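Q: I've got this one open in my viewer and I keep losing my way in it. Could you pick one part, go over it closely, and then follow the chain outwards from there?

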Amino acid sequence: MRSTTGVLLTNLGTPDDPSTASVRRYLAEFLWDPRVIELPRILWWVILRVILLIRPARSAAKYQKIWTEQGSPLLVNLVRQADALRSTLEQRSSAPPTVGYAMRYGQPSIENAITDLCNQGVEKLLVLPLYPQYSATTTASTFDAVAAALERRRKLPALRFVTRYGEHTGYLSALVESIESYWTEQGRPQKLLFSFHGLPQRYVDNGDPYQQECQATAQRVAAALGLDDDMWHVSYQSRVGREQWLRPYTDETLAQWGREGAKKVHVICPGFSADCLETLEEIDDENREIFVDNGGGEYAYIAALNDRPRHIEALTSLVETELRGWQEGN
């Protein structure tokens, strides 16, 4: 039985290859999004021209460190997540939804993915951005892209959209299981750092709930692990520019812990559903060096959930809940 229901998994995006030219195209699309940079367009256009002269070569060098034979880690992981979700749904239903995937910036584009799903007969579409915590810069931007793609279609699918899942029971259980599994092999650390992607402080001051949702995720996981308050901490990474971003900063926190002589530190990034430049290069490489160079001891990054079975189970549960009463025969 052919299903008319579809699921679209999305993530942030990636350049097509780790060359300077490809990274420049990607950054131009990403940084021009008014959801990402909330500055007057004329002013930002001038600043962005300068950024695109300098930053692409630096970023390309970082991408080259993490690029795999299969391509960009973020895209490779997204494909694996989509395949695993599709397989699990097929095992549970005689008419499982059609599963597609897309990137907010770069390829495969959201517009092309929606076109492909509609060409396969999808009339009801669930969009699941793989951002556990909501932010206008990520989740709302994805909604903008979906809306822009649909406004060019004569026949629209019915639409449902997941805005957050940072406190979803299955997602939290997947994080706890991943940490406990790592500790079983490597032992418990002196400190566990939950590092989330940063956001300008003024975005939160203007009403973005992102910081509150990051704190809630970390608190729930720490409680499930039975951690004392002085063992776990939340920080924010990947800031750019001179304005104040959410504090404390990940690099400054690790430098301080190093100077204080922390003997064993583990870092996990619960805002990233898949490993990417910010986890593999920034956290597992740059911040490791910062910690060690400041006198720290053992440092380890606990990988993102990627396509771990418990993570796929969580995404499957989330999809099934969102599709309840919407699929054929219900």
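A: Let's start with helix α1, residues 20-31, which lies across β1 and β2. Against β2, α1 runs at about 95°. Keep in mind that you're looking at a predicted model.

Now for the sheet that those strands belong to. Four strands make it up, in the order β2-β1-β3-β4, and the sheet is open, with parallel pairing. At its edges stand β2 (98-106) and β4 (158-161); each has a single partner strand, so one side of each is left without a neighbour in the sheet. On average, and ignoring direction, neighbouring strands here are turned by 25° against each other.

Zoom in on one of the pairings: β1 covers residues 5-14 and β3 covers residues 124-129, and six bridges join the two in the parallel sense. If you want a landmark, find Leu8, which stands opposite Val127 in β3.

Follow the chain out of β3 and you get to Pro132, in the loop between β3 and α5 (136-150). Is Pro132 buried or exposed? With a relative accessibility of 1%, Pro132 falls below the 20% cut-off and counts as buried. Look at what surrounds Pro132: leaving aside residues up to four places away in sequence, it touches Arg164, Tyr165, Gly166, Tyr171, Glu213, Pro270 and Gly271.

Pro108 is in the loop between β2 and α4 (110-119), and the peptide bond joining Gln107 to Pro108 is cis, with omega at about -5°. That's worth a second look because most peptide bonds are trans. You'll find another cis bond going from Arg247 to Pro248, with omega near 0°.

Pro248 belongs to the loop between β6 (232-237) and α9, and Ser238 is in that loop between β6 and α9 too. Ser238 has a phi near 65°, a positive value in a residue other than glycine. Ser238 is also buried, at 16% relative accessible area. Asn306 has a positive phi as well, near 45°, and isn't glycine either; look for Asn306 in the loop between β8 (298-302) and α11 (309-323). Its relative accessible area is 10%, so Asn306 counts as buried.

Two packed helices are described by the angle and the distance between their axes. For α9 (residues 250-259) and α10 (residues 277-293), the axes come within 8 Å and cross at roughly 40°. The two helices are therefore oblique to each other, and the crossing of α9 past α10 is right-handed. On the α9 side, the contact involves Thr250, Asp251, Leu254, Ala255, Trp257 and Gly258, and these meet Ile283, Asn287, Ile290 and Phe291 of α10. Sorted by type, the residues of this contact are six nonpolar, three polar and one charged.

Methods:
Residues numbered from 1 in each chain as written. Predicted model: local features only at pLDDT ≥ 70, side-chain atom pairs only at ≥ 80, totals over all residues. Heavy atoms only, no water. Pairing = 2+ DSSP bridges. Axes fitted to C-alpha atoms, helices over the stretch in contact; angles between N-to-C directions. Contact = heavy atoms within 4.5 Å. Parallel < 35°, antiparallel > 145°, perpendicular 65-115°, else oblique. Left-handed = near helix turned anticlockwise from the far one by under 90°. Nonpolar A, V, L, I, M, F, W, Y, C, P; charged D, E, K, R; others polar. Buried < 20%, exposed > 50% of the residue type's maximum accessible area, 1.4 Å probe, protein only.
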